[in-house]
Amino acid sequence: QYSPECVPGADGEIDPTEITVPGCPCRRGSCEAPGCPCLCRGDNYTGPRLRQAGRRERRFSRPVFECNGLCRCGERCGNRLVQRGLRLRLQVFRTQRKGWGVRALQPVPRGTFVCEYAGEVLGFAEAQRRARGQAPHDPNYIIALREHLHDGGVIETFVDPTRIGNVGRFLNHSCEPNLFMVPVRVDSVVPRLALFAAVDIPAGEELSYDYSGRFHNLPETSREHKPPEEENTLRKPCYCGAPTCASFLPWDSSLFSTP
């Protein structure tokens, strides 16, 4: 079932559509810092693109809060981007070795919002149950997003587009991707998993992101499990073709093991 946005999972534990983030009192057509509380909470946009200057130099990135349904600013506010949804012409196509893939039918400038990774938002128990119920050859669409806080805490968000999702479920992994994922909060504290262009992408090039989360992040934030060499036969091979290809798709054991 196609859904452009995340929906509550079958477990009913989390409702990403509930409005829980307070709105701003701005009455301008487009909000401006420092007067807008939404903009002051974290990173924001430069025109229609994500501000990327200095992101790599900072040890921690700042969260992104868009203006929401409780804000008094207009629908044309520049701090409303991901919530407007897909604007690019994307095509799902059959690749030679990776199954389905996605490409843009137009050039995509660096920093442009491409699409969400939308699906059912699950609690940990349901995400773990679904992951453990998969056979080794089954495709795994469940993504575990971890936001590492400055005080050492971790916020986890699990999204499963296996049954309900959008075009994001067809994006393939690459060890040298042209997209990166950013958690963006709009109405809810549950983040939207937004994918932005990491570089200028020409029309027709396949779109991809790093499933492990290492790209645009600190290496230690990844929980990829590195099994002994003899266990590599259980891992799925990576066909991204990048010069630095790790040979196997990223592996996160958190949903398969007992904490």
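A charge is said to sit over a ring if NZ of Lys or CZ of Arg is within 6 Å of the ring centre and within 35 degrees of the ring normal. The legends below describe a predicted model, in which local features need pLDDT of at least 70 and side-chain atom pairs count only at pLDDT 80 or more, while totals for chains, interfaces and linings use all residues. Residues are numbered from 1 along each chain as its sequence is written, and side-chain values use heavy atoms, with hydrogens and water left out.

**View 1. Arginine charges over aromatic rings.** The charged end of R41 is placed over the ring of F65, at 5.4 Å from the centre of that ring. In another such arrangement, R169 lies over the face of Y141, 4.2 Å from the ring centre.

**View 2. Aromatic pairs around Y209.** Rings of Phe, Tyr and Trp (its six-membered ring) pair if their centres lie within 6.5 Å, and planes under 30 degrees apart count as stacked, over 60 as edge-to-face and the rest as tilted; the structure holds five aromatic pairs. The rings of Y117 and Y209 have centres 6.3 Å apart and planes at 65°, so this pair is edge-to-face. It links distant parts of the chain, since Y117 is in the loop between β7 (113-116) and β8 (120-122) and Y209 is in strand β14 (residues 208-209), 92 residues apart. Helices (H or I, at least four residues) and strands (E, at least two) are DSSP runs, numbered from the N terminus. The rings of Y209 and Y211 have their centres 5.1 Å apart and their planes at 55°, so that pair is tilted. Y209 is buried, with a relative accessible area of 5%, whereas Y211 is partly exposed, at 35%; here buried means under 20% relative accessible area, exposed over 50% and partly exposed in between (1.4 Å probe, protein chains only).

View 3. Six of the six residues of strand β13 (residues 192-197) are buried, so the strand is largely enclosed by the rest of the structure. R192, A194 and F196 point one way from β13, and L193, L195 and A197 point the other way. Two strands pair if DSSP finds at least two bridges between them; β7 and β13 run antiparallel and are joined by three bridges, with L195 in β13 as the bridge partner of C115. Strand β12 (residues 179-185) also pairs with β13 in the antiparallel sense, over six bridges, and M181 stands opposite L195. A hairpin of six residues connects β12 to β13.

**View 4. The largest nonpolar core.** A nonpolar core is a set of buried Ala, Val, Leu, Ile, Met, Phe, Trp, Tyr and Cys residues joined through side-chain atoms within 4.5 Å. The largest one has 25 residues, of which L90, L179 and L207 touch the most other members. The elements giving two or more residues to this core are β6 (100-104), β7, β9 (143-148), β12 and β13, and β13 gives the most, with three residues. Apart from this core lies another, of 13 residues, including L50, V64, V82 and F113.

**View 5. An open sheet of mixed pairing.** Four strands form an open sheet in the order β1-β8-β10-β9, with mixed pairing. The edge strands are β1 (7-8) and β9, each of which pairs on one side only. Two bridges join β1 and β8 in the parallel sense, and P8 stands opposite V121 in β8.
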